Amino acid sequence: MAILEDVFKGSTVTGLAIGVGALLLAPTVLPAVGRIVRPAVKAAIKGGMVFYRETVAEVGEMAGDLFAEARSELEHETSGAGALPAGNGHGGKTAGH
């Protein structure tokens, strides 16, 4: 960064020359840089999309498993509660026994 600072510490003419050079080179340099950088950026985006899709699929599968387990436990508890003998909920024992 010291080189850039030294260049801009120079006269106004130096800064102006750099600006004009950048403007003249931009139309030729930017498309070349774009052709090189574009495939890399596209590959990074595709990789991110694959990672996101796999992560969401994994989370969805985990959530589905948890939902199925909870439903199974709820059905088991509900069917078990209906099969209890009549009484105070202590297996038919009365309070005095």
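Trainee: Where is Glu61 found?
Mentor: Glu61 sits in helix H2. Helices are DSSP runs (H or I, at least four residues), numbered from the N terminus. This is a predicted model: local features need pLDDT of at least 70, side-chain atom pairs count only at pLDDT 80 or more, and totals for chains, interfaces and linings use all residues. Residues are numbered from 1 along each chain as its sequence is written, and side-chain values use heavy atoms, leaving out hydrogens and water.
Trainee: How many helices and strands are in the protein?
Mentor: Two helices and zero strands. Strands would be E runs of at least two residues.
Trainee: Which helix holds Val37?
Mentor: Helix H2, residues 12-82.
Trainee: Why isn't Val37 called buried or exposed?
Mentor: Because its relative accessible area is 39%. Buried means under 20%, exposed over 50%, partly exposed in between (1.4 Å probe, protein chains only).
Trainee: What share of the protein's residues count as buried?
Mentor: 0% of the 97 residues.
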